[in-house]
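Please find below a short note on the structure under review. It is set out as numbered points.

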Amino acid sequence: MPPYPAPEITGARARRHEQALLACGRLDSITQLLPEPDLFLYAYIRREALVSSQIEGTQSSLSDLLLFELDEVPGVPFDDVVEVSNYIAAMNHGLERLRGGFPLSNRLLCEMHALLLARGRGARMQPGAFRRSQNWIGGTRPGNARFVPAPPEYVQDVMASLEAFLHGEELPFSALIKAALAHVQFETVHPFLDGNGRIGRLLIALTLHQDGVLREPLLYLSLYLKQHRTTYYELLDGVRYDGDWEAWLDFFLEGVQVTATGAVDTADRLVRLFREDAQQIQTLGRASANTLRVFDALRSRPVASIKDLRLRSELSAPTVGRAVDALEEMGVVDEVTGRQRDRVYVYRRYLNILNEGAEPL
């Protein structure tokens, strides 16, 4: 593998780099000021899992995913939503390992890959192991493919080089640039038979978290890459065939700035929404205390059944039922099944904010 480039960060690129770092700093600051950052992390991880999986062809919606997580709700499309659920498991495993002091490494990437392909369509694609056969990108065979990665006998060596790069302590550029270069190299090696795009996008977030750019891993570029996927693929090929790292870096840095700024805006809107709805609930008088407890359960899981709300609010079924009726009358929640029993309620405005850009392709 050739040595990594040391691209010039000057002129317009330097300004773009500074703006991207400032946007990451604002995101890091606001997440530390949020009253309940875990709520934001829960929501953002699910949107990222959904969008990253959509890039690979799944057609699940956020509602599908949240209904799937309510075990008692049948009828959700299985294969697509299982892939998204696997992605969440892989992402959470990676974050927990990093927080526990485990290094960002090939071993960790393989552990995450095993979870990513644990169930569903990828279960036969060597979960958790680097590939032992040739793969390709685009086309029906290597001869007509858009790009053919390294032969399998080289994968271990080039991935060892990538791991060493991730732990380089004297690199002549910031963690943002390191994440950008590492992502291209991972996608170029394509070390797994399946799931490379999703693990490669997670690698960006984990690199920035490991290197201290973000204390909470809340920068996920999948939405930006989904919206600009043709340009994204062209720029990856530009690096592979022409060595055009600079054009890729310009695109990546702009994506970081747009994504971080969007995450700050989403966090601000959710805080304002929760505050406005809580103030409305407080006008209920004596019923407000229990209704707020049910509302808190909906903030943590915006799609919920009465059983789920009862378990998480620790209130009786009749009390939860009255609270949900009040929330429905206020327009805070909607019932989505149309059934008389086993009803499911959605915190609609919350879900609408999360859904922006996360609609199936």
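Predicted model: local features only at pLDDT ≥ 70, side-chain atom pairs only at ≥ 80, totals over all residues.

1. Residues are numbered from 1 along each chain as its sequence is written, and side-chain values use heavy atoms, with hydrogens and water left out.

2. The unreviewed UniProt entry assigns "domain: Fido" to residues 104–254; annotations of this kind may be inferred rather than shown by experiment. Residues 104–254 are 55% helix and 0% strand, with the end C-alpha atoms 25 Å apart. Helices (H or I, at least four residues) and strands (E, at least two) are DSSP runs, numbered from the N terminus.

3. The same record lists a "binding site" that includes Glu56, His190, Asp194, Gly197, Ile199, Tyr232 and Tyr233. From this set, the lining of the largest pocket takes in, among others, Glu56, His190, Asp194, Gly197 and Arg201. A pocket here is an open set of points on a 1 Å grid over the protein atoms alone, where a 1.4 Å probe fits, with protein on both sides within 12 Å along at least five of seven lines; lining residues have an atom within 4 Å of a point.

4. Asp194 lies in the loop between α7 (175–189) and α8 (196–210). Its relative accessibility is 27%, so Asp194 counts as partly exposed (buried is under 20% relative accessible area, exposed over 50%, partly exposed in between, with a 1.4 Å probe and protein chains only). Beyond four places in sequence, Asp194 contacts His113, Leu117, Gly122 and Met125 (contact means heavy atoms within 4.5 Å).

5. His113 belongs to helix α5 (residues 106–116) and is buried because its relative accessibility is 0%. Neighbours within four places in sequence aside, the contacts of His113 include Phe192, Asp194 and Ile199.

6. Gly197 is in helix α8 and, at 11% relative accessibility, counts as buried. Apart from residues up to four places away in sequence, Gly197 touches Glu56 and Glu187.

7. Helices α1 (residues 11–33) and α11 (residues 245–281) pack with their axes 8 Å apart, at an angle of about 25 degrees. The two helices are therefore roughly parallel (angles under 35 degrees). Residues in the contact include Ala20, Ala23 and Leu27 of α1, and Leu253, Gln257 and Ala260 of α11. Axes are lines fitted to C-alpha atoms, for helices over the stretch in contact, and angles run from 0 to 180 degrees between N-to-C directions.

Notes:
Parallel < 35°, antiparallel > 145°, perpendicular 65-115°, else oblique.
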